Amino acid sequence: MVTTPLLPSDYLDLVSPLRAGADLCGRIEAVHSETDDAATVVIRPGRGWRGHTAGQYVRIGVDVDGVRLWRAYSITSPTNRRDGRVTITVKAIPDGKVSNHLVRRAKPGTLIQLDQPTGDFVLPRAKPAKVLYLTAGSGITPVMGMLRDIELDDVVMVHCAPQPQDVIFRKELHGLVADKKLRLTEVHTDTDGKLDIARLDELVPDWAERETWACGPAGLLDAAEEHWTEQGVQEHLHTERFRPSIAVVAGDGGEVTFNATGKTIDADGATPLLDIGEAAGVLMPSGCRMGICFGCVTPLKAGAVRDLRTGEITEAAPGVLIQTCVSAAAGPCDIER
Ligand SMILES: Cc1cc2nc3c(=O)[nH]c(=O)nc-3n(C[C@H](O)[C@H](O)[C@H](O)COP(=O)(O)OP(=O)(O)OC[C@H]3O[C@@H](n4cnc5c(N)ncnc54)[C@H](O)[C@@H]3O)c2cc1C
Ligand code: FES
């Protein structure tokens, strides 16, 4: 009664936001520049943090201009870091709200929301004899988490970036090469052009025998999946996508009501409800933004939505949940946000 209308935990959040039992939070303790447009963010997770496996990612909720936005970032620190802190490494993309905020404006001391780490882009328990890491741009991040965590006998890496100075973690990678822990080929796309996947025969002649982890833009991953499939070795290829590769199946839109906030917006049939809500200032949880993490699920109270990946229509009924990142309005609809 003394604390009404707030709860006692609301006051505790003010003095001890990282305590056990609070919603999982983290505190940004440092931001280190890596390249002109990439930075590593050092985070101290709160008490409930369960730890990660190398290669996994974490969803973080960050306040940008007063709006809580959720994004997923691969963890780049090793699992055995003594001080209990974890790092993510973010590349600012043109017009990117969260990435530019984290790289250019995030300040030590800032509290962020965290989710438990997740993802299956990880090494198997039994160490593979020969590994290839195929990465480009910020796609190096989950692989750096693995390189820092687990020493393997025979590791080759092919990494693409526009120029040498754009290679994130370049100094550390060259240190591993000098210590004979890694064989590295850098492809500088400004001078060499985009990597033609067929060049792997020349760069890594035994690529087909290697267990491969690939992360980078859709073009590289699509080409790799095609190439590995053509050679009949697709079971050796593991990929991580930072953006969806889905072709959008659009249809008619409709009026969307966010009933908890009382906002009503006219939506087209091709824009995810997540984007519609965020643009209207509605608090929308999310993570991967491509239908894999279920961080955006929300009850559909009325009307219908279309799954942008398949065109499938879901109609409201008690207990029906939708993934707002891959659902668009299919006529008028009402969602609980
Ligand atoms: C599993 C997973 C792990 C990830 N790990 C990392 C990581 O370690 N480091 C990292 O920097 N990013 C990572 N990402 C991408 C990250 O979650 C964000 O998508 C990215 O930072 C852009 O967010 P934003 O708010 O800046 O851009 P937004 O404001 O959401 O988008 C701005 C514009 O950029 C486009 N866009 C969105 N994402 C990308 C992208 N990745 N590349 C190019 N254009 C894009 C949008 O279509 C839009 O036009 C990961 C994503 C996933 C799903
Ligand atoms: S944000 Fe990950 S499934 Fe929607």
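## Basis of the report

In this predicted model, local features need pLDDT of at least 70 and side-chain atom pairs count only at pLDDT 80 or more, while totals for chains, interfaces and linings use all residues. Residues are numbered from 1 along each chain as its sequence is written, chains are lettered from A and ligands numbered from 1 in the order in which they are written, and side-chain values use heavy atoms, with hydrogens and water left out.

Helices (H or I, at least four residues) and strands (E, at least two) are DSSP runs, numbered from the N terminus.

## Paired strands

Two strands pair if DSSP finds at least two bridges between them. Strand β1 (residues 25-35) pairs with strand β2 (residues 38-45) in the antiparallel sense, over eight bridges. A hairpin of two residues joins β1 to β2, and V31 has V41 in β2 as its bridge partner. Strand β1 also pairs with strand β6 (residues 111-114), again in the antiparallel sense, over three bridges; here G26 stands opposite I112.

Another antiparallel pair is formed by strand β12 (residues 254-258) and strand β13 (residues 263-267), with five bridges. T257 is opposite T264 in β13. The hairpin of β12 and β13 has four residues between the strands, and G262 takes a positive phi near 75 degrees there.

Residues are called buried under 20% relative accessible area, exposed over 50% and partly exposed in between (1.4 Å probe, protein chains only). Helix α3 (residues 140-149) is largely enclosed by the rest of the structure, because eight of its 10 residues are buried. These buried residues are I140, T141, P142, V143, M144, G145, M146 and L147. They pack against β4, β5, β7 (131-136), β8 (155-161), α4 (170-178) and β10 (211-215), where contact means heavy atoms within 4.5 Å.

In helix α2 (residues 97-105), the residues V98, S99, N100, H101, L102 and V103 are buried. The elements against which the buried residues of α2 pack are β1, β2, β3 (57-64), β4 and β5.

## The surroundings of T76

T76 is located in the loop between β4 (67-74) and β5 (86-91). This residue is buried, with a relative accessible area of 0%. Leaving aside residues up to four places away in sequence, T76 touches T87, I88, T89, T141, M144, G145, R148 and F169. With T87 there is a polar contact between the two side chains, at 2.8 Å. A polar contact is a pair of N or O atoms within 3.5 Å; within protein, one must be able to donate a hydrogen and the other to accept it, and residues adjacent in sequence count only if both atoms are side-chain atoms.

R148 lies over the face of F169, at 4.8 Å from the ring centre. A charge sits over a ring if NZ of Lys or CZ of Arg is within 6 Å of the ring centre and within 35 degrees of the ring normal.

## Ligand 1

Around ligand 1 there are 22 residues, of which R71, A72, Y73, S99 and R243 come nearest; a residue is near a molecule or strand if one of its heavy atoms lies within 4 Å of it. A polar side-chain atom of S99 is 2.5 Å from an oxygen atom of ligand 1, and one of R71 is 2.7 Å from an oxygen atom of the ligand. K91 takes part through a polar backbone atom, which is 2.9 Å from an oxygen atom of ligand 1.
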